[in-house]
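Here is a friendly walk through a two-chain model, with the sequence and structure alongside. Have both open as you read.

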Amino acid sequence: MKAQTYRLIQSAILMGLGAYLLVKIFSGTLYYYINQRFLWLVALGAMVFLVLAFVAWRRLRTMQQNHQHAHHIHEYDHGHGSGASQWNLIFLAVPLLLGFLVPAKPLDSSALELRGLTTNALLGARAQTSGVQLEAPSDQRTVLDWIRAFNFASDPSIYEGETADLIGFVYHDPRLLENQFLVGRFAVSCCVADAFAIGMIVENLDAASWAGNSWVHVVGKVQVGDLDGQPIPLIVAASIKEIAIPPQPYLFP
Amino acid sequence: MTRALNFLGLLGLALLAVLLILSLQSWAATGFTLPTEFYTFVTIFLGIFIEAAPFLLLGTLASGFVEEFIDHEAVQRFMPRNPFMGALAGGMLGFVFPVCECGVVPLTRRLFHKGMAPAAGIAFLLASPVLNPIVITSTYAAYGWGSILFWRIGLSLSIAVITGLVFAVQQQPAELLRAAPRKSIGGAGLRPALARPSNALIQRIQRSLEIAGDEFFEMGRYLIIGSLIAALLQAVLPQSMLLALGSGPLYSVLVMMALAVLLSICSTVDAFVSLAFVGTFTSGSILSFLVFGPMVDIKSTLLYLQVFKRRTVFYMILLPFLMVLLASVFINLNLAI
């Protein structure tokens, strides 16, 4: 490959990667992929990509000027560099292509089937020693807050009768009864590679009629349910409403 | 003339890309769906890439700056000559260069070319993804001031130093490395396009940025292959299969080490991830995840293979594997931490 072509494509890919990260940040779909704690890191990455794109572009310009002034210098790739460098470009284009061409989708209940449901310990040691503090009133707690509360309460029945008001996606777990489904969320510590699924049982007469994967808003009274011998919060639903995918589909512990 | 052509070419490509995106997006919206596993795969792949790419960028930037601003003599002067002290210093160098396991690879190669001894370089490579302020802070945030934190630091440093010392029998770093960095990547290679004798600061900065850009392409390729493999495995392989194997002092350790390799999570955050397994898994196995993962995983192994000879990589994986396994099983059997 001609050196100038390499520089041109390199510069375009770097610009594309910077633009991709910026698009993700401004469209909000960045949170389909990573924990919001890393927003600054991605923003920094986007800036560095754009700076490097500019540097590669300037290098191309220098090469072109030298080329015009001194025609006897032909910069072609020599030896084993050429094959490898083409592959560099091809692979670096993969995230760009997948990122721009495949519609952004957060993990859903099919991923839950593969990853399994996590029902235990989700807290840092510090939280363990200081005891769980549920700052949020019961009707503002997320699925994660409820699972934490149940994990660290010596007797979870103290929460019985409190009102739960939360959102999540529907997952029909085969271990549940006919009139139940799980309202699930993924918790993401860093990026989706480490996502773990958590969920609470929802009990309602027409539970079976809710399509898997649809996002719902559930309100009801909390009881202590049971999944494979583990205590897990159960909501006796007073109302279930279908909602759109929220802008932040994951919970960030 | 060429400038106009370049511009037109880029514009054409950009237009084509936009058209393609629009048509594919509308196609997807009108009910055409690929298998959900495919979307899971793409989401996980992009997740790993978006999170790891900035770290790799920082590593290549550091490497570029080392190339331009730190000379051979400085490395020789500051690193102790004694192999043990050298390895120990190498293991602690993460406090100077806070990098994770992606960024450390290009930086280590650069330091080798600047004359760092094999023992120190290998110890730096293996220890710095844990022994740096960022990772220590995140481990502290997850586990508090306790035995997991101390064991993680202690084990990582000792295993890195011991492995480094094994490589000390090799006097020349060149013996460990693959053929010297290509003089010619895309025509210009690791040195700037044409010799520019000026050493003005702005030009040195520009040259180090050029090096960073080239190295990002060279290393990024392996980061991408590694992320593709890790994402594919996660999208098709039920995790329960692995976790079902995992109890008992030995098997739990093997499972957590396998999981660390498979998940390929950045060392800056793996402490939070491991929290999900506290309670179901033995303390020794949690520790093995936290010590082995930063040294060896799918993407870092591919990066290693790009820089080191195969035989070197084999020992860089085998020795930490055996030591982590032994230490973690010993902890499971003898200590309650």
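Two residues are in contact if their C-beta atoms, placed from the backbone, lie within 7 Å. Residues 124–131 of chain A also stay under 50, with 12 such contacts. Where pLDDT is low, the predicted coordinates should not be read in detail.

This is a predicted model, in which local features need pLDDT of at least 70 and side-chain atom pairs count only at pLDDT 80 or more, while totals for chains, interfaces and linings use all residues. Residues are numbered from 1 along each chain as its sequence is written, and chains are lettered from A and ligands numbered from 1 in the order in which they are written.

## Chain A as a whole

The mean pLDDT of chain A is 84, and 87% of its residues reach 70 or more. The chain holds 6 helices and 6 strands, where helices (H or I, at least four residues) and strands (E, at least two) are DSSP runs numbered from the N terminus. Their order from the N terminus is α-α-α-α-α-α-β-β-β-β-β-β.

Of the 253 residues of chain A, 39% count as buried. A residue is buried if 20 or more other C-beta atoms, placed from the backbone, lie within 10 Å of its own, exposed if 12 or fewer, and partly exposed in between. Among contacts between residues at least 6 apart in sequence, 73% join residues at least 24 apart.

## Two residues of chain A

Is A136(A) buried or exposed? A136(A) is exposed, because 10 other C-beta atoms lie within 10 Å. Its place is the loop between α5 (125–130) and α6 (143–152) of chain A. Setting aside residues up to four places away in sequence, A136(A) touches R141(A) and D145(A).

S110(A) belongs to helix α4 (residues 109–115) of chain A and counts as partly exposed, with 17 C-beta neighbours inside 10 Å. Beyond its neighbours within four places in sequence, S110(A) is in contact with T36(B), E37(B) and T40(B). Y171(A) lies 61 residues from S110(A) in sequence, yet their C-alpha atoms are 8.8 Å apart.

## Two helices of chain B

Helix α13 (residues 283–295) of chain B has 13 residues and reaches 19 Å from first to last C-alpha, close to the 18 Å expected at 1.5 Å a residue. The expected span is 1.5 Å times one less than the number of residues. Because 12 of its 13 residues are buried, α13(B) is largely enclosed by the rest of the structure. Those buried residues pack against α6 (118–127), α8 (147–166), α11, α12 (270–274) and α15 of chain B.

Helix α11 (residues 251–263) of chain B also has 13 residues, and its end C-alpha atoms are 18 Å apart, in agreement with the 18 Å it should span. Its buried residues include V253(B), M256(B) and A260(B). Just after α11(B), S264(B) takes a positive phi of about 50°.

## A helix contact in chain B

The contact between α14(B) and α15(B) is made by T301(B), Y304(B) and L305(B) of α14(B) and R310(B), V313(B), M316(B) and I317(B) of α15(B), whose axes come within 8 Å and cross at roughly 145°. Axes are lines fitted to C-alpha atoms, for helices over the stretch in contact, and angles run from 0 to 180 degrees between N-to-C directions.

How values were computed
pLDDT is the predictor's confidence in each residue, from 0 to 100.
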